[in-house]
Amino acid sequence: MSNGSRSRETAPDEAPKLPDLLPVLPLKDAVLYPYIIVPLSIGRESSIGAVDHALSEHRLVALVAQRDPSVDEPRAEDLYGVGTAAAIMRMLKLPDGRIRILAQGVSRIRVGHVSENEPFLQARVEPIVEAPSPAPTLEVQALVRSVKEAMDRIVSLGKGVSPEVLVLIANLEDPGRLADLVASNLELSVADAQRVLEEGDPLARLKGVADEMHREIQLLTMQQEISSQARGEIDRSQREYFLRQQLRAIQQELGEGDDLEDEIAKYRRLGEEKGLSEEAREELERQIQRLERAHPDSAESAVQRTYLDWLTGMPWKHESVDSIDLELARKVLDEDHYDLDKIKERILEYLAVRKLRGDARGPILCFVGPPGVGKTSLGRSIARALGRKFVRLSLGGVRDEAEIRGHRRTYVGALPGRILQGIHQAGTSNPVFVLDEIDKVGADFRGDPSSALLEVLDPEQNSTFRDHYLGVAYDLSKVLWLTTANLLDPIQPAFLDRMEVLRLSGYTLEEKLVIARRHLIPKQVAEHGLAAHQLEFGDGALARIVSGYTREAGLRNFEREIATVCRKVAVAVASGRKRRVSVGPKTIERFLGQPRHWADDLLSRDRVGIATGLAWTAVGGELMLIEVLATPGKGQLLLTGQLGEVMKESAQAAVTFCRDWAARHAYPTEFFAQNDLHVHVPAGAIPKDGPSAGVTVATAIVSALTGRPVDRKVALTGEITLRGDVLPVGGLKEKLLAARAAGVREVLLPRLNRRDVGEIPKPALDELALTFVDTMNEVLERALKARPRPARATARTARRAARAR
């Protein structure tokens, strides 16, 4: 049963005589006083039965409050001993089965024996005779006036009281009646309201009500102060925000706002669990104190929470345990990568040192090589062999130093740099961290990321790496750093000095075929839903794909073409046209179309002024035909074929050498003054640069000068000096592989490159004759053929010539 509205007082026309036995209506959250009218909602079956019984007899019920409102079926011990006899004035039945009544208190009653027989409670009641009203002394009048003024104060503070009740209160002078009326309009607890009901002395009852009114005034005053404080801190137009502030302020006054304390306790607990450094712990406490002082919903508070999440989320002392098993590591590396013996040997050396000395700092290895040769996947294999987490960070196009060191917390949306973000992502302080594409790092007005990486990769400094966002030192010395690059030239020298460079050359045809059999074909067949027996590649088909459809040192395009074949086979198998497909060199065009690349071919015959050079590119080695033609002119040098500055200077040095050579070998020096030399390198749309074409250009010029053809099956590479010395060059493996693929018989190399022959695959060495030279004289002796003699005229030709004369 609940009180439906504010109670009001009326004086009954005639007080009925109370019977000894009344039906009982237990009240959960209300207390009714004599002469007060209240609406009640009744839903319990026993209470509805009590009302029906009262209406059928004398319309009187005993309204008694429950000690515990949660009890649905109260018994005698659950009811207070004093209640109120009430008359049912009206009754209304609701559609849901409940009823509403309008009850008026008649008199206080003392509840005697309670009968718990079904269907409702009945009790023997005894009316409580109230003490007579005291004489209107000054004390009584002062107390009555004080209660009335207190009620006016409560109303002014926002308490809702109907005007009718206010008029009644203003006109009442009886202390007992006034106390009952005021108490019925205060939000008293059931226990406090019951205490007022049980008080028989009118003056004492009024004093108790006056105390409750003073407490109510204090609460309303505090509520008004809280409302004013919250209203002053926020924009008046944000009503929803204002209501949240008001609720939070009330919770703080009641001691219920424990969310912030729980959050701070969580940060302190995480700080202990993660093992923060002394500096980090001091910063943690400083930021927690700022969070405590900040407003919970302010922007600064959100910034503090984000910082504390990052600070306590870093894996300060958490490390993954290395699994240093050399045999297992060797097996993992062999499973994931074919060949690369030097790289594997260096990794195993590091693991061996790590096993013998646990605190050994890891090396900073830089894998340099063409795209697709397995630089990044080597990092994954190392992480798998060590049992460490793997993190990869691509630095291609990074231009902002803040990407490495982080943003300062003064900026909106500031975050740590990508180095610490990667450590946070790994969850351990010693992952294998790959910095990809370090040769493509940019620099502009926002800073130089390469310079910022110096501290990251320096073993003497990275133990105290300081990110701009965290602002405290973080130990990066336990991280195994790996870097990858396609070229070394763009890398800053100071940056390159901190790394140990390991070169990965391109794969030979034989190596590509083995890798395809072991890794690429099984992977693509599985990814396309095929079974191993449903698709078979012949070696000729794979070799055809390498030579005709891909031109690369690595394997990416090779794998894409294999995937293309797998897709087309998957269509045939899924449609039921075929169950098994065998791909050979003659059928590969049905799957991939016409070849997109042609192998470099040698000249069909030896030519004057055309020499065969060797060039290194990012996708492997290539043959490079250099043409020289002398035409009448004024001794100018014309260079075409989109040549770089280094290659142009190399051609000029070759011309100077040839002038000196011609003078020493009794050739007419007027040749260079009376003729223009045009040096052209075909495939003009492709930029070319480097010093290794100097020997080839000089050979072609001497050929044009002497008229001696250049042996088309002899390839040349080397840098030339003005005095004709031949200097060493790089990219030897790729160049020799290209020469072998084109059918070259002999390659002339600088003698100082003899030390690099150990890196050349044995099949290439078996099929090529390598000649090492020191000077251009040796080159010209091997590369130039004798000048062809003019053919003898036949008798018929001689007679024709005579007739013509």
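Student: Where is the place of Ala666?
Tutor: This is a predicted model with residues numbered from 1 along each chain. Local features need pLDDT of at least 70, side-chain atom pairs 80 or more, totals for chains, interfaces and linings use all residues, and side-chain values use heavy atoms, without hydrogens or water. Helices (H or I, at least four residues) and strands (E, at least two) are DSSP runs, numbered from the N terminus. Ala666 falls in the loop between H22 and helix H23 (670-674).

Student: What phi does Ala666 have?
Tutor: Most residues other than glycine have a negative phi. Ala666 is not a glycine, yet its phi is positive, at about 60°.

Student: Is Ala666 buried or exposed?
Tutor: Buried means under 20% relative accessible area, exposed over 50%, partly exposed in between (1.4 Å probe, protein chains only). Ala666 has 72% relative accessibility, so it counts as exposed.

Student: Where is Gln642 found, and how does it count by accessibility?
Tutor: Gln642 is in the loop between strand E20 (637-640) and helix H22 (645-664). Its phi is positive too, near 55°. With 42% relative accessibility, Gln642 counts as partly exposed.

Student: Which residue takes a positive phi just after H20?
Tutor: Helix H20 covers residues 556-574. Just after it, a phi of about 85° belongs to Gly576.

Student: How far apart are the end C-alpha atoms of H20?
Tutor: The expected span is 1.5 Å times one less than the number of residues. H20 has 19 residues, so it should span 27 Å. The model agrees, with its end C-alpha atoms apart by 26 Å.

Student: What covers the buried residues of H20?
Tutor: The buried residues of H20 include Phe558, Ile562, Val565 and Val569. Among the elements that cover the buried residues are helix H18 (509-527), strand E16 (535-537), helix H19 (539-548), strand E17 (581-583) and helix H21 (588-592).

Student: Is Arg388 buried or exposed?
Tutor: Arg388 sits in the loop between helix H13 (375-386) and strand E10 (390-394). Beyond four places in sequence, its contacts (heavy atoms within 4.5 Å) include Asp322, Tyr350, Asn430 and Lys478. Its relative accessibility is 7%, so Arg388 counts as buried.

Student: How many aromatic pairs does the structure hold?
Tutor: Rings of Phe, Tyr and Trp (its six-membered ring) pair if their centres lie within 6.5 Å; planes under 30 degrees apart are stacked, over 60 edge-to-face, the rest tilted. By that rule, the number of pairs is five.

Student: How far apart in sequence are the parts tied together by Tyr307 and Tyr469?
Tutor: Their ring centres are 5.7 Å apart and their planes are at 55°, so this pair is tilted. Tyr307 lies in helix H10 (residues 299-313), and Tyr469 in the loop between strand E12 (465-466) and strand E13 (473-474). Both are buried. The parts are apart in sequence by 162 residues.

Student: Which strands hold Phe433 and Trp481?
Tutor: These two form a tilted pair, 5.0 Å centre to centre, with 35° between the planes. Phe433 and Trp481 are both buried. The pair ties together parts 48 residues apart in sequence, because the residues lie, respectively, in E11 (residues 432-436) and E14 (residues 480-485).

Student: What is the mean pLDDT of the protein?
Tutor: pLDDT is the predictor's confidence in each residue, from 0 to 100. Here 90% of the residues reach 70 or more, and the mean is 83.
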